[in-house]
Amino acid sequence: MNSVDLRFLSSFDENKKFYKADLKKLGLSPDLLGVNGWLRKNGFSYPDYDKQTKNGGKPTNPFRYTSKEGLIAYCNKYYSDYNSSAIHVDQFGNELFLKDLLLVRHQGGHSEVYFHWIATKCTHSMLTTFMRSSFSDLAKKYAHTSIEVDFTSHHFRHTLNTLLDEGGLSDLLQTEWFGRSNPRDTKAYQHTSREKRALMLREDIKNGQVGGKLAEQVNVLPVNVQDAILKARVNAVHDVGTGICVHNFAQTPCERHLQCSADCNDYVWAKDDKGRIEEQKRQYALTALARETAEQRLDTRKPKKSSDWLAHNDKKLKTLSKQLTDNGVVDFDPKKYLEGLNNG
């Protein structure tokens, strides 16, 4: 919508007369109808010769009013294309607007007046100032001793990371969104409990949003049995780059030595997780290259070792192929991909 937010005027008739008291109720300055007011100077202020005082008499100077058209014109006075333009374009080309931000505020005008028909973003300095000057007093007044107010705006990074993590955003996308270079740094900002991670994954598996052997086994079971199986199998959640491992390392070590995509029963993945596509492509391309090397060595003096390695890579390619398909990637050419990496 390339205009101001006029919903606060939608309930009024086109012929409605707005006097000073009406402007005040709408959060507008009554002075707009005054001699030096914007509405008066721009021809949107009209005299009402019939309107009487509370005592039933006629005032010395007639009351003045404006129309809905005048208020719309005044609101649009402060509009800029910036207010409805995309403020960020993500890696997939999606445009993000002010409405997509977590925190927005009314645009400020002169003399501490705020235009509640125009939204703008909160800056870091504004948030910091609010927390230093106002937040403690508000907490004391409304929360008493039930809230800890000794924190800074930097703590919101921890909050946002945890919320994004619990909402299912991959570590790779979180790392990119926060401008970090290493996904391990992102982990330090996540505080989702192990139990909650497990509960979230169990629900996703039941809802058919997860791929992998475990998900395939659970989805064919009766609904009343699924919860019991998932509770027994999913007690830990580990991010392993291309997907998720649910192996409980507190009970037994990894039997596949972290070769998760090699047909492992404890390896699952979100079916629509675009943030992992590049890593899945890279792993598939490297595995295809390893398989080709193993095939070339079948005629050497150690054919058994080569055939075992061939079978191992076939398992990985099968799993990675399923993941790429679930992410909408078809006809992937690993050779062209590796050539592109070398040329880049």
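Start at Tyr65, which is buried, with a relative accessible area of 16%. That value is under 20%, so Tyr65 falls in the buried class. A word of caution belongs here: this is a predicted model.

Now look at the aromatic rings. The structure holds 13 aromatic pairs. One of them joins Tyr19 and Tyr65: the ring centres lie 5.8 Å apart and the planes meet at 55 degrees, so the pair is tilted. An angle over 60 degrees would have made a pair edge-to-face, and one under 30 degrees would have made it stacked. The two partners come from distant parts of the chain, 46 residues apart. Tyr19 sits in the segment before helix H1 (20–25), while Tyr65 belongs to strand E2 (residues 63–65). Tyr19 is buried too, with a relative accessible area of 15%.

Move on to another pair, Tyr267 and Trp269. Their centres are 5.8 Å apart, with 50 degrees between the planes, and this pair is also tilted. Both partners are buried: Tyr267 has a relative accessible area of 2%, and Trp269 has 4%.

Elsewhere, aromatic residues gather in a group. Phe8, Trp38, Phe44, Tyr74, Tyr78, Phe115 and Trp117 form one aromatic cluster.

Rings also meet charges. The charged end of Lys16 sits over the ring of Phe18, 5.7 Å from the ring centre. Lys51 does likewise with Phe63, its charged end lying over the ring at 5.8 Å from the centre.

Most residues other than glycine have a negative phi. Where does Asp263 lie? It is found in the loop between strand E9 (244–245) and strand E10 (267–270). Asp263 is not a glycine, yet its phi is positive, about 60 degrees. Its relative accessibility is 25%, so Asp263 counts as partly exposed: the value lies between the 20% limit for buried and the 50% limit for exposed.

Asp331 also has a positive phi, about 55 degrees, although it is not a glycine. Its place is the loop between helix H12 (303–326) and helix H13 (334–343). Is Asp331 buried or exposed? Asp331 is exposed, with a relative accessible area of 79%. That is over 50%, so the exposed label applies to Asp331.

Note on methods: Residues are numbered from 1 along each chain as its sequence is written. This is a predicted model: local features need pLDDT of at least 70, side-chain atom pairs count only at pLDDT 80 or more; totals for chains, interfaces and linings use all residues. Side-chain values use heavy atoms; hydrogens and water are left out. Rings of Phe, Tyr and Trp (its six-membered ring) pair if their centres lie within 6.5 Å; planes under 30 degrees apart count as stacked, over 60 as edge-to-face and the rest as tilted. Helices (H or I, at least four residues) and strands (E, at least two) are DSSP runs, numbered from the N terminus. Buried means under 20% relative accessible area, exposed over 50%, partly exposed in between (1.4 Å probe, protein chains only). A charge sits over a ring if NZ of Lys or CZ of Arg is within 6 Å of the ring centre and within 35 degrees of the ring normal.
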